[in-house]
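Subject: Structure for you to look at

Hello,

Here is the structure I said I would pass on. My notes follow it.

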Amino acid sequence: MRGGAIAGVFVLLLPIFFASLFSHASPTILKDLNAPKFRHSRLAKSALLRQTSNEEQSELWTPLAHQGWKPCTESDGASTVPEKSEGYVQVFLDGGLNQQRMGICDAVVVAKILNATLVIPQLEVNPVWQDSSSFMDIFDVDHFINVLKDDVSIVKELPDEFSWSTREYYGTAIRPTRIKTAPVHASANWYLENVSPVLQSYGIAAIAPFSHRLTFDNMPKYLQHLRCKVNFQALAFVPHVRHLGDALINRLRNPPSEGNMVSNNYLREVTDLKPKQGAGKFAVLHLRFDKDMAAHSACDFGGGKAENLALAKYRQVIWGGRVINSQFTDEELRSQGRCPLTPEEVGLLLAALGFDNSTRLYLASHKVYGGERRISALRNLFPLMEDKKSLASSEERALIKGKASLLAAVDYYVGMHSDIFVSASPGNMHNAMVGHRTYNNMKTIRPNMALLGQLFLNKTLTWPEFQESVVEGHKNRQGQIRLRKPKQSLYTYPATEILMVLRLPYRSVLFGPQIIVYYAYIM
């Protein structure tokens, strides 16, 4: 009895006497206890042994054939800036980089509708990442203004007479110059009826909130063209983002020989090089699997009861438990394609599509829920996977460190220069990249979430069966033109309803009489 008491006291006092031991070891022990179980080990073992032929590799990396469509920035009529501006338009944009990007495009069009001068949009501090980067920190403002100089009058800041019009000013009281009732997807007429009078009375109108406040439907063709011009031509990143991006791209295409150290001047050196003929190819994977997405999906990701309880508590704190998916079972959600793909599942998808273990894969992601423990399943299949940290030194990343928008900008830039882009789950980054790469006719793989959900639920599938289903289910999901449906975003679907199909016969030297089909699209 006495010995048991002494032993009990010793156990209680052990953490005190060995505090340093417990302070370092306990978190690791807890992490190991809560480590997610890989759910598709049998498929993963087969994937590790996969073999791909030269023909399969050639087909996988072959660029998309030109699809014969007209870029939507090519307006039929000349756009002009009005001789007299009706006043200044301010917008305040929240959200992440890609949501703000779309808001910037809409702001230019609203200024055009109102015959007003646009003040460079103000980006709100992101409440999640606490990023205070401004428009000028992210985008090349002089390039932006110059590209649009014949379309809209744009100024970097308000003249002194309107210097009082700030976010702080509108946050302290109701102001007659603030427009805060703009409905989601408002029409052009709404702005003419509700904002024009404010401009005429005060010479300025500040619109907040503004995200998603302009419709995509029933808009004049020249305004849709202007939207695309802003998104695909006017919005260029600042030089240091482009330079870092170019360095990462060169390192992905031309990796240094094994054992060679990258010099501190490599960033400067590599951006001066011209791409080598036959330089290596690489793919970018945007892996969106953060805690918010995992919790909001209400899916089971293999972390056991502890993880499920933690995510349920997070849902309660952030959304008050009001998450629609919570009323469905994990099986129901997966069969409907409503669960985000885990790193393990993304790896199996890529392996089934023909990416082998020599693939240069760039991981575009901010934070992955579960960290390296979850990413390890993906890294096992793709040992040459890289990211910003592995490709660039801390000195090279100094200007973007801790700034979510600039980190995302680098990923966006690298993604736009990759041979293949894969987005693991829907979201603003997915929408922006799919639209931009579609506009440039670049290979972009969109996972078939419903198909994959059903395949991963089937625990009896062999690797050949899984691979055949994946390949068949993604034949038409690699960048082919998709027509925009009502209410869908022009930024995701830059080609809309077909206006006409023009068939012109011509003679090919190699193949004889042929038919060319030209597509023109209404914007």
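I begin with one cysteine. Cys299 is buried, at a relative accessible area of 4%. Keep in mind that the model is predicted.

**The disulfide**

Cys299 is joined to Cys339 by a disulfide, with the sulfur atoms 2.0 Å apart. The structure holds 1 disulfide. The torsion about the S-S bond of Cys299 and Cys339 is about -90°, so the disulfide is left-handed. As for location, Cys299 sits in the loop between helix 14 (291-297) and helix 15 (304-319), while Cys339 sits in the loop between helix 16 (330-335) and helix 17; the pair therefore ties together parts that are 40 residues apart in sequence. Cys339 also counts as buried, because its relative accessibility is 6% and the cut-off for buried is under 20%.

Cys105 is in no disulfide. The nearest cysteine sulfur to Cys105 belongs to Cys228 and is 8.5 Å away, whereas a disulfide needs the two sulfur atoms within 2.5 Å. Cys105 is buried as well, with a relative accessible area of 0%.

**Helix 17**

The buried residues include Glu344 and Glu345, along with Leu348, Leu349 and Leu350. Just after helix 17, Gly354 takes a positive phi of about 115°.

One partner of helix 17 is helix 23 (residues 463-473); the two axes come within 9 Å and cross at roughly 80°. That angle makes helix 17 roughly perpendicular to helix 23, since 65 to 115 degrees counts as such. On the helix 17 side the contact involves Leu348, Leu349, Ala351, Ala352 and Leu353. These meet Trp463, Phe466, Gln467, Val470 and Val471 in helix 23.

**Helix 5 and helix 21**

Helix 5 contributes Asn98, Gln99, Arg101 and Met102 to the contact. From helix 21 come Asn428, Met429, Asn431, Ala432 and His436.

**Ser132**

Is Ser132 buried or exposed? Ser132 is exposed, because its relative accessible area is 58% and the cut-off is over 50%. Ser132 lies in the loop between strand 3 (122-123) and helix 6 (135-138). Leaving aside residues up to four places away in sequence, Ser132 touches Val125 and Asp137. Ser132 and Ala404 are 272 residues apart in sequence, yet their C-alpha atoms are 9.2 Å apart in space.

**The chain as a whole**

The protein chain has 23 helices and 12 strands. Of its 523 residues, 47% are buried. Among contacts between residues at least 6 apart in sequence, 76% join residues at least 24 apart. The accessible surface of the protein chain comes to about 26900 Å², and carbon and sulfur atoms account for 55% of that.

Regards

Terms used. Residues numbered from 1 in each chain as written. Predicted model: local features only at pLDDT ≥ 70, side-chain atom pairs only at ≥ 80, totals over all residues. Heavy atoms only, no water. Buried < 20%, exposed > 50% of the residue type's maximum accessible area, 1.4 Å probe, protein only. Helix = DSSP H or I, 4+ residues; strand = E, 2+ residues; numbered from the N terminus. Contact = heavy atoms within 4.5 Å. Areas by Shrake-Rupley, 256 points an atom, 1.4 Å probe, with all protein chains shown as cover. Axes fitted to C-alpha atoms, helices over the stretch in contact; angles between N-to-C directions. Parallel < 35°, antiparallel > 145°, perpendicular 65-115°, else oblique.
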